[in-house]
Amino acid sequence: MHIDFALSSNGTYNNTGSSRQLANYLEHEDLERMEKGIYTEGFFNLTDDKIYKSKVIKDIDGNIRQLLKTDAKFYAIHVSPSEKELRTMGNTEQEQAETMKLYIREVFIPEYAKNFNKELSASDIKFYGKIHFDRSRSDNELNMHCHLIVSRKDQANKKKLSPLTNHKNTKNGIIKGGFDRVNLFRQVEQGFDKLFNYNRQQIESFNYYNTMKNSTISEQKKLQEQEFQFNERKIIINQENGLSINHKNKESKNQVTNKDTYITVKQENNTSIHTLFQKENGQTFSSQFFLTSSIIDFPHSEDLPKEQASKHKNKKAHPNIKL
């Protein structure tokens, strides 16, 4: 699951003024689908579906009491499941859209509210969501994702809520509460797995990606060793069950002797783990190990407006992890 908070800009994501420009942008896919006779999804919130754009704009723009002209009035959030997660969410676009709305309502928004540490619940968050199904520059078969417009103020128009603050559960000073984005990413991932009974592998977890991106070399190595040991156990189980394992002899390009076995274990999404097992005196030793790719999602620049996409084009890191 990839989640990111769009940064304010002078274009579509300018959040210091009206939400009209963003709401208009979120309807661009509807026109294309209507021309093709494909069904569309309207805006939704915690309780209602098929909400008109005019109501979204009026509601978000009217919930700005005591905010200065230069203050953020709302935030844009993207929630994008992986292809593997989407297949768990349904067999058709409509099924996936319904389960996405369920996930937003029962997992994402409740955890979002809780992370402010201000005793808020989902009903205190003013937001509107919009489901999109396509990404013009994506080669994936499945691309359904959700855009959220979330008000800076709570439903009562009293409390200021910023998910981009770097304060975390503060009890002293001007800002009380704060927001822990790392904790949010973990909690909504766990909530997804529980809601959909999803068997998440370690390599596709947020903790794995976060460690590989931000931790020390020794910590990264330790995590890779854990993944290696897990896959070693899978190899043994496969051998016991008589599953197919690719054995190569000394004539292979790897020039492995007849006492050696070269084993390749294929993972989801073109991830491979290669290990050369050397057998001597009845014992097995692993002589090399490496990962060729990762199945963690990166920011979807193809879904951003042009002024945002250019900024994200060459990025391969999660933009919102701040430890």
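This is a predicted model: local features need pLDDT of at least 70, side-chain atom pairs count only at pLDDT 80 or more; totals for chains, interfaces and linings use all residues.
Of the 323 residues, 47% count as buried.

The secondary structure consists of nine helices and nine strands. Among contacts with a separation of 6 or more, 64% link residues 24 or more positions apart.

Four of the strands form an open sheet with antiparallel pairing, in the order β1-β2-β4-β3. Its edges are β1 (2–5) and β3 (127–132), each of which pairs on one side only. From one strand to the next, the twist averages 15°. Strands of a sheet pair through backbone hydrogen bonds. Within this sheet, β2 (residues 74–80) and β4 (residues 145–151) run antiparallel and are joined by six bridges; V79 stands opposite C146 in β4.

V79 also belongs to the largest nonpolar core, a set of 39 residues in which V79, Y103, I104 and F108 touch the most other members. The elements giving two or more residues to this core are β1, β2, β3 and β4, together with the helices α4 (83–89), α5 (93–114) and α6 (181–196). The largest share, nine residues, comes from α5.

A second, separate core comprises 15 residues, including Y13, I51, V56 and I57. In soluble globular proteins, nonpolar side chains tend to be buried together.

Definitions and conventions: Residues are numbered from 1 along each chain as its sequence is written. Side-chain values use heavy atoms; hydrogens and water are left out. Two strands pair if DSSP finds at least two bridges between them. Axes are lines fitted to C-alpha atoms, for helices over the stretch in contact, and angles run from 0 to 180 degrees between N-to-C directions. Buried means under 20% relative accessible area, exposed over 50%, partly exposed in between (1.4 Å probe, protein chains only). Contact means heavy atoms within 4.5 Å. A nonpolar core is a set of buried Ala, Val, Leu, Ile, Met, Phe, Trp, Tyr and Cys residues joined through side-chain atoms within 4.5 Å.
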